[in-house]
Every structure is written in structure tokens, then in C-alpha cells.
Number of protein chains: 2
Amino acid sequence: MVSRSARTTGVRTLMIVASLAPFAGLAQVSGPLTIKEQGSFFVGGEHRTISAPATGVIPAQSGEITVNQMYVQYQIPLKGTRHVPIVFVHGCCLSSKTWETTPDGRMGWSEYFVRKDRSVYLADQVSRARSGFDPTTFNAVHTGKLASAQMPGILDATHQFAWTVFRFGPKFGEGFKDEQFPIEAVEELYKQMIPDLNSTLSQNPNPTLTQMAALAVKLHGVILVGHSESGFFPEQAALLDPTGVKGLVTIEVQCDTHLTAAQLAALAKIPTLIMFGDHLADVKAPFSWTDALTSCNTFVDQLKTAGGDATMMYLPAMGIKGNSHMLMQDKNSNQLADLVIGWIDKHVESRGRNRK
Amino acid sequence: MVSRSARTTGVRTLMIVASLAPFAGLAQVSGPLTIKEQGSFFVGGEHRTISAPATGVIPAQSGEITVNQMYVQYQIPLKGTRHVPIVFVHGCCLSSKTWETTPDGRMGWSEYFVRKDRSVYLADQVSRARSGFDPTTFNAVHTGKLASAQMPGILDATHQFAWTVFRFGPKFGEGFKDEQFPIEAVEELYKQMIPDLNSTLSQNPNPTLTQMAALAVKLHGVILVGHSESGFFPEQAALLDPTGVKGLVTIEVQCDTHLTAAQLAALAKIPTLIMFGDHLADVKAPFSWTDALTSCNTFVDQLKTAGGDATMMYLPAMGIKGNSHMLMQDKNSNQLADLVIGWIDKHVESRGRNRK
């Protein structure tokens, strides 16, 4: 299974290392982990009536399917009730795998936060991974009921795109000298990159935002964490319903600097952390990472003007160099997790909103 | 989020119960669980070259994507190394959610087996859930490069189909009097039902089979468990490469009774368990569950004739009544898990193949 990748990309050494990576983690965990409770469930979901879906073992049928549900997997550590739970939402073309075992087999943020006594909820975005998606339009095109132009495109990212946009190096296959992403295991990241069907969703609002806000209410207060495509989802979910949102963590996204005064006033009531990695100006992405940082600096200023508690962690400015866009998978991922946890302790839980 | 379902199906009481179900589990765990190690990784995966995929934030591009990888999530309990690990593979239109928290909020087989000191590996089938799928053909139709007829249909199952084929009752919305499936929480099962893209895969062989066999080798011996669509996958994977396959568990599927003598001789070396629930003749499915049972009885006889150790657990014949097709989610799911574990202890681990 290694050889084809190796032949294709011409980086045989990298591929062989990557093939071992999933099991390298076996020796790297830091002792047994005791869980108070774990499991999975869905938030939301609506009925949709369909007729004559695709064939297969299932004959043509009419009836209902469920769409727009959001799958959530969770672990509550023994001391979890002492802290505000954390909801992680992944970015474009990825799933909750983002937060699990890193490409090079180290512990991901999901387990690391649990080991730091935080209850962790991993949400697969609506229309992605275990949340499923609505196939109705595709099947209508398949059966000739709809023209192919009416079918949404499926967003997919190539290895080449990821290497550049995730800022692994100046050109494909070449890493930055101080690169923190474990590029020797990049093939394992490529396996995490899956089709993004958000184009099939209503954007008014995207149901993921609705379910994030509902999850926050059901859990009686959470910190919402978004990354990249979902980087501003925490803020958008809080604008739909701030009731359960006790903290906002936004990682590497273009911030919306055109919110109304009323929206900014609402968000200013919630502590907000924004984090950006390194090499923003060192890649030729189809958009500007530097502009994204600028937009988020502006957003932080807007929140502060509105009386909010907003923090920008631009890592290079803090002396932390070489971080990629996938900073939760970078070699210093635990260090960055500690920064987030420290911020939570100081800015969210010190406000007396913790669940002791 | 409840009201729409309730209006649509006219079973308001059921829906209200279902909406609480994900949190009912909070009080039902049987004490803290200590994990030696947990995480996730992929098995397999190949590069595929694409050009000009769907638009969105990502511009038209050429390059490579990774396809046919299989996502696996695992937990190893403290005493896990004393037993042969278990790999669970879900059925049609479902994901590994099948094995997790049940629709009515009880512990699923995945955690139950871990609590019984078994290492558990949950695999999302290739082209499903966190394994992703190959969107190339869909995007080629979207952009007009391919005719819509060349696009595969996406397999989807309605609530009505599931109620009948999963044998919840004689007609939609009505349960069998002794029904073991928690039909008061059926809405939570419907949320697990997601599009099945196996039609996009090579069937020669289905890459899931290849990855299952490879996973068995990498883990130095496993028991493969399949259900429904994947019910015969354990046998098929073992026929590709029996090296790592120490036991086969097949739950509710049409068995292949046309294997060659050589194939039967190969499978006869591996202990095999087949399990069927109740009410096989009591629903009007598009295929016959009774025929499926008959085929598997024949298969068991064929294995025995070839010198194999094959066991049929037809639950009603054992005095266990009312089980549905989703028997791992039925109210007596722990009892059924104990049957599987007892069989493993007696038929697999007593052979000296355990990992003590």
C-alpha cells in the first residue's frame, strides 16, 4: 500500500515513515486514561420526503429520510464537571479526525484536553463524515429528473493545494526549515481529507451553526472551537443563540469585520480567543493568510471597543515559530493546547462560569 | 427540532422521548472506564490524479487526492493484550455509530466489549463517513465532462424501508409485541442512516475487504465482525488474506453458498459464528430474511463438512425472542454481546491463539 504513493510522488522515504505512523503512537501515550463517561449522539435533524432513490439492494421507494443532523462524539474525564466542556468543529475537507491521533501518531487535542480534565465533544459538520449528507439532488440527476448543472459541486482539495494552503513549505514536497507540521507523515493527513458537501446545505443559516448553538444549550454551557472553514462558526453560532456559549476559540480564518453594532455587543459578552500560526506571507495561496490575520486583528479591536474580552495569539509574535495551518497536529501541538487551556482558565473560568 | 418529526409521522410521544435519548445515557454507565490507549488511524489509501475539481473557496486545480483509505478508531483496555482484538464493520447506510451509544442512550457494543477487556477497532467502510469517498465522477458530471447516466446512484434508505427491513414491526410505526429494538427512540437510529457510496467502489475486490485483511495483519490477529451489508465481509476479507484473521462473526446477511472447495477449506481453518434475530418471516422485505437464514445454515454445514468450527446462533431457537436486525442496539444488546464473547472465549481463544 505504500509503494503506489511512493511511486507517484517520488518521495519514497516519506511514505515509508508515514506507513508506520499509525502505530508509532502505541508507545507514546502517557499512561492509562480514566473516563467517567463516553459515547455519541446527534443534535438536530429534520425529515425530508423523497421518492425513488438510487437502486442497489434497496428498490425504488418513497418515504422519508433524516437530514441536517450533526454527529457528536464525547468523552467526559473523571474531573470533567469541574470545567466548561469544549466542542471542537473541524475545517474544510476534513472530519473530527482533525483532533484525534496526529498524522505522525502522537496524541491529538481531543485526548490531550480530556487528560487536562476537560470534557470534549467532537462534532462532524452537518453533511460530512458520520453526520451524513442529503443525496437527493445527486440521485435526481442520476435518474434524469434534474439537469446536471443543478447538482452542486463537491469540494475536494488536492495534496498540492493542502501543502500550500496549510503552509507546509514554499513548494510542494519541500518543507519550511522550521516547519512544525510533521511532513514526514503528510500522507496520513491526505487520508483525512474527504469530500466537503457544504454546497448541498442551506447557508441561511448553515445547519451546523444551528446544531452548535443547540448543543451549547443542551450541555448548559460550552466553549466552541472552530478551525479554518469553521473558524468563525463559533461566533456565528453564538449570534444565532448565545445562551450556552461561554467561550469562543477561532483558529485561522478570515474574520467577519462587518458585523453590526448589535452583533458585536452580543459577541462582546463572550470571551474570545483567536490563534494564527506562522509563515502567513510565505505561501502562494489563492487567498491571503496575511489578510486573514489582519481581518481578525480588526475583529479583536472591534470586540474590545464593544467592551469585550478578546485575545489574539499570533504565535510568531509570541516567539513560537514554524506553525502550520494544521496547528493542532503540529509537533508542538501540546504546547499550543496548553495556551488554549491557559486562556480558558484565565478568561472563561475565572469569570465564575465554570461548573464546579 | 422535535416538532417537525412529530407532525410528519404522527407519533408525537415517540419523538419527544427520542429527543431526550442522547442524554438518557448519562446516568446509565457502569462506573469509570480506564483505557490503556486510544486513537484513530487509516488503513490503505491510494493516490488518484484529478483535474479541475469543484469550485468553492478552492479554485480549479490539478493534482492528487487520496482514495480507498479506511478510517479506524480504537480503544485498548488495561487488560486488552490478554485477548484477541475485535474489528467491527457496520452495514449499509450506516457508520461505526452502529456500535456506539444505542438510540435510547445505552452503552453500545464498542464500549461494552472494551469493558470486557477486549481491544475494539471500529472501521468506517471505505467510501463512508470518516473514510471519505471519491467524488471524481460526481464532479465530472457537475462540470459536464460526463453524462449524468455515468454517475452512480447513491444508496439511501428511508425510515419506512428501515422499519420493515430491520424488522421493528409488521407495519410502519407499529412494533412487534415482543420487539427488542427500542422503537421509542427510532428517530435516533434514522439519524445514523447516511448515504452509502459503495456504488462508487471497485468490487473486485471492494477496498474495504482489502483494508480489513491488512488491518488484521497489522494487528497480529483479530476477530472480524460484519453486519448486514458487511455481514460476509469477514469471510471475504479472510479469503483475500487469512493471515491475521483469527475469528469470523457474521450478523444477519445472505451467506455465499457457492464458494469453491478450496475457499471453504481456507475458511474452515477459522472459527466462525453467525447470528440471526427474530421475526424473519414476519415482515414484507424486498428480499427474504428466511432465505438468508437458510443460506447461512447451508454455509455452516459446508464449513463443518470441510472440517471447520462453525456455529449458528439463531436467537429464537435459543429462546431469545424479539430481536431486530439491529440486534447490537436492541434492549438485550449486552446479553447478545455476552453470547459473542462467550463464543470467542470458547472457540477462538481456547485454541491458544490469544495474545497472553
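These exercises walk through strands, chain symmetry, disulfides and salt bridges in a predicted model.

Residues are numbered from 1 along each chain as its sequence is written, and chains are lettered from A and ligands numbered from 1 in the order in which they are written. Local features need pLDDT of at least 70, side-chain atom pairs count only at pLDDT 80 or more, and totals for chains, interfaces and linings use all residues, while side-chain values use heavy atoms, with hydrogens and water left out.

**Exercise 1. A strand and its neighbours**

Find how many residues of strand β4 of chain B are buried, and which strands pair with β4(B).

Solution. 

Step 1. Strands (E, at least two residues) and helices (H or I, at least four) are DSSP runs, numbered from the N terminus. Buried means under 20% relative accessible area, exposed over 50%, partly exposed in between (1.4 Å probe, protein chains only).

Step 2. Count. Strand β4 spans residues 70–77 of chain B, and eight of the eight are buried, so the strand is largely enclosed by the rest of the structure.

Step 3. Check both faces. B:Met70, B:Val72, B:Tyr74 and B:Ile76 point one way. B:Tyr71, B:Gln73, B:Gln75 and B:Pro77 point the other way.

Step 4. Find the partners. Two strands pair if DSSP finds at least two bridges between them. Strand β1 (residues 33–43) of chain B runs antiparallel to β4(B), with eight bridges. Here B:Val43 stands opposite B:Met70. Strand β6 (residues 120–123) of chain B is also antiparallel to β4(B), joined by four bridges. There B:Gln75 has B:Val120 as its bridge partner.

**Exercise 2. Two copies**

Work out what rotation superposes chain A on chain B.

Solution. 

Step 1. Two copies of a chain are related by a rotation about an axis and a shift along it.

Step 2. Superpose by least squares on the C-alpha atoms of residues with pLDDT of at least 70 in both copies. The rotation is 180 degrees, the shift along the axis 0.0 Å and the RMSD 0.0 Å. The copies are thus related as by a two-fold rotation axis.

Step 3. Look at the interface (contact means heavy atoms within 4.5 Å). Of the interface residues of chain A, 100% are also interface residues in chain B, so the copies meet through the same surface.

**Exercise 3. Disulfides**

Find how many disulfides the structure holds, and describe the one that joins B:Cys255 to B:Cys296.

Solution. 

Step 1. Apply the cut-off: a pair of cysteine sulfur atoms within 2.5 Å.

Step 2. Take B:Cys255 and B:Cys296, with 2.1 Å from S to S. The torsion about their S-S bond is about 90 degrees, so this disulfide is right-handed. B:Cys255 sits in the loop between β8 (245–251) and α9 (261–267) of chain B, and B:Cys296 in helix α10 (residues 289–305), 41 residues apart. Both are buried.

Step 3. B:Cys92 and B:Cys93 have sulfur atoms 2.2 Å apart. Both cysteines are buried.

**Exercise 4. Salt bridges**

Locate B:Arg115 and B:Glu111, and say whether each is buried or partly exposed.

Solution. 

Step 1. A salt bridge needs a side-chain nitrogen of Lys or Arg within 4 Å of a carboxyl oxygen of Asp or Glu. This pair meets at 2.8 Å, N to O.

Step 2. Both residues lie in helix α3 (residues 109–115) of chain B, four residues apart, about one turn of the helix.

Step 3. B:Arg115 is partly exposed at 21% relative accessible area. B:Glu111 is buried at 7%.
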